[in-house]
Amino acid sequence: MKTIKDISFSGKKALVRCDFNVPLDKSQVITDDTRIRESLPTIKKLLADGAAVILMSHLGRPAETGFESKYSLAPVAAHLTKTLGIPVKLASDIFESKTVEDAKNLKAGEVLLLENLRFLPDEQKGNVEFAKYLASLGNVYVNDAFGTAHRAHASTAVIAQFFPTDKYFGFLLANEITNLDKLLHHADKPFTAIIGGSKVSSKIDIIKNLIPRVNNLIIGGGMAYTFVKAQGGKIGASICEDDKLELALDILNLMKQQGVQCYLPVDTLCGDKFDNDANQKVFPIAAIEDGWQGMDIGDATISLFEDVIAKSKTILWNGPMGVFEFSTFAKGTTVIAQAVAKATKQGAFSAIGGGDSVAAINQNGLASQMSYISTGGGAMLEYLEGRTLPGVAAILNNTI
Ligand code: AMP
């Protein structure tokens with residue numbers, strides 16, 4: 001992998017695609033700066049080498065109408081100025097001649113941030129001319145935006161063709177790929193995947209790609225009820241994808257054929273409505289009474305899952321075990337997060353992905369106790385599904 005690690009960027013003008021898609025509150029204050037912090041090692045290395053750095057990113061999903069102040073990268077420029085301790089100028093109109101001038105005059109050790117690339121529809125369309133224009137602003141390209149590596153956008157993939165040799169993986173992107181490759185190709189056994197969340201349909205491809213690789217598959221969250229119903233269980237008013245019942249049986253058969261141990265919940269904490277204040281009752285998983293819906297895994301299930309996790313050497317977790325946004329139904333997700341942290345302490349390699357699982361880990365202050373937390377939900381899922389990410393392929397093409 002051609003990373004920035006052993007290269008000197010002295011005298012270069014580096015175009016760096018970052019993922020500064022940070023959450024902002026109504027007053028444009030950054031509420032979680034994780035993505036900015038994760039980009040710093042790459043930016044600092046380039047600056048320390050003596051490069052001039054031009055940063056590119058998107059923020060949110062602006063309509064295709066140009067500038068919208070709520071999606072401006074101005075708060076990110078201010079935040080970077082503070083963190084890096086040097087002024088980070090925002091080039092507010094990407095196409096203005098002033099931007100070209102600013103880029104041209106940028107000196108070693110200086111940083112310029114281009115305004116939200118998605119203010120221009122050509123970014124998401126992957127327009128080659130737009131990519132060529134962006135490429136003209138620098139002389140080396142670094143991709144450090146794992147969160148958008150699954151998109152073939154102008155700045156994430158298309159641009160790379162204009163740097164036949166001078167294109168590199170930033171530290172963050174390289175680290176993501178190394179960790180994901182470890183899961184897919186060099187995982188210590190037993191390898192346990194914990195898959196949760198609301199729908200089977202959104203996780204089907206990752207499950208299929210993981211079956212030949214894992215020893216244990218734990219299925220929790222809303223998607224478990226489709227598996228339970230498919231086997232003839234009574235699931236009351238629990239969430240279910242009725243058009244995926246056959247698919248659920250196929251997956252269970254595939255696991256049996258390939259010797260994967262599948263762990264489904266054995267009991268469930270139900271509510272009589274989808275609400276934090278719902279009345280609660282625990283049922284055996286396949287005997288939920290009408291009018292009740294499964295909202296979290298029950299205590300017997302928690303013990304069962306904890307046991308499997310404790311015996312694992314590699315753990316992948318994607319998707320909550322219940323409606324963890326409601327404190328009443330967050331226990332299953334919280335205890336599983338703690339169990340993964342404990343196993344990690346005892347030497348297991350743990351990888352967490354997906355917005356909700358990461359949120360649950362953060363809510364419980366356990367982030368530092370995991371081996372690896374992915375910065376890209378969709379990109380991580382696609383990589384684990386076995387798909388080629390355009391942002392990664394674009395850099396690899398001419399370097400192998
Ligand atoms: P996903 O985006 O597919 O990973 O799903 C995450 C969502 O699944 C979260 O918002 C959870 O609240 C939801 N979820 C988890 N368990 C259940 C459940 N038993 N019933 C309904 N929704 C659930």
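Let me begin inside the sheet, where Leu 316 stands opposite Ala 351 in strand 16. This is a predicted model, in which local features need pLDDT of at least 70 and side-chain atom pairs count only at pLDDT 80 or more, while totals for chains, interfaces and linings use all residues. Residues are numbered from 1 along each chain as its sequence is written, and side-chain values use heavy atoms, with hydrogens and water left out.

Strand 15 (residues 314–318) and strand 16 (residues 349–353) pair in the parallel sense over five bridges; strands here are DSSP runs of E with at least two residues, numbered from the N terminus, and two of them pair if DSSP finds at least two bridges between them. Both belong to an open sheet of six strands in the order 10-8-7-15-16-17, with parallel pairing, whose edges are strand 10 (261–263) and strand 17 (372–373), each pairing on one side only.

Of the 17 residues around the ligand (a heavy atom within 4 Å), Ser 198, Lys 203, Gly 294, Glu 325 and Asp 356 come nearest.

Taken alone, the ligand exposes 500 Å², of which the protein buries 81%, with accessible areas coming from the Shrake-Rupley method and a 1.4 Å probe.

Key. Helix = DSSP H or I, 4+ residues; strand = E, 2+ residues; numbered from the N terminus.
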